[in-house]
Amino acid sequence: MCSSDLPNSASMELFGGATRISFDATGVTAYIADGARNRRVVVVDASTGAIKSFFGAYGKAPSDAATPAYAAGASPEQFSGVACARAARDGTVYVCDRNNDRIQAFKADGSFLKEAKVAPATLGEGSVWDIAFSADPAQKYLYVADGMNQKVRILDRASLTELTAFGDGGRVPGTFYAVHSLAVDSKGNLYTGETYEGKRVQKFAFKGVGPVTKANQGPLWPAQAPGGAK
């Protein structure tokens, strides 16, 4: 399958600006964030590449009709800039609705579960660029790349409540220029990738989990660790 230059969020053959692909815990199902032009998440059979289903915001059918510009705190009925679709080990799929400043969570079949606004006053390119799960068996935490505000935010996965954030705009270690991508290794270390003129990868070493003392930790230098770590 290739990508179409025109939006067609109902297509069972073409994508319209796919941005990321991820897999469920079994590797059988792929979730494609089809959101640069289309407004949906596409569920694909990983062995054949066939599209099995797709869904839009709130689990509804996606629409390509024009929508108003985002207003701070709004809850639009359609996705705007689907930047990621990540499946947790328990099967819950988390969607980065980038330009709408929100995360929506779904069952594996696309049924809507809940949503959370992330820095809802953010305009421009939005606040939810990517997410990653913590390395513990329960994947208790979500890391959220907020490229517009130059931060990584840490959320409780069960409640989608923000616990803390770190980073700031800049070029020195621990700061960001358009943090765009996240990954966590088996030891819990966090890796960030920056786009545009950021052009770098940073590693934040996991040191354990401790009490959260600051809502915004600012830049973390190499001697520190994210998430209120000890």
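A polar contact is taken here as a pair of N or O atoms within 3.5 Å, where within protein one atom must be able to donate a hydrogen and the other to accept it, and where residues adjacent in sequence count only if both atoms are side-chain atoms. The structure is a predicted model, in which local features need pLDDT of at least 70 and side-chain atom pairs count only at pLDDT 80 or more, while totals for chains, interfaces and linings use all residues. Residues are numbered from 1 along each chain as its sequence is written, and side-chain values use heavy atoms, with hydrogens and water left out.

By the polar-contact criterion, the side chains of Arg86 and Asp130 are joined at 2.9 Å, and the Arg86 side chain also reaches the backbone oxygen of Ile131 at 3.4 Å. Arg86 lies in strand β5, residues 82-87 (strands being DSSP runs of E, at least two residues, numbered from the N terminus). Arg86 counts as buried because its relative accessibility is 18%, the limit for buried being under 20% relative accessible area with a 1.4 Å probe, protein chains only. Beyond its neighbours within four places in sequence, Arg86 is in contact (heavy atoms within 4.5 Å) with residues including Arg20, Ile21, Ser22, Tyr94 and Phe133.

Ser22, one of these contacts of Arg86, stands opposite Tyr31 in β2. Strand β1 is joined by 5 bridges to β2 (residues 29-34), and the two run antiparallel; strands pair if DSSP finds at least two bridges between them. An open sheet of 4 strands with antiparallel pairing is formed in the order β1-β2-β3-β4, and its edge strands, β1 (18-23) and β4 (51-55), each pair on one side only.

Definitions and conventions. Buried means under 20% relative accessible area, exposed over 50%, partly exposed in between (1.4 Å probe, protein chains only).
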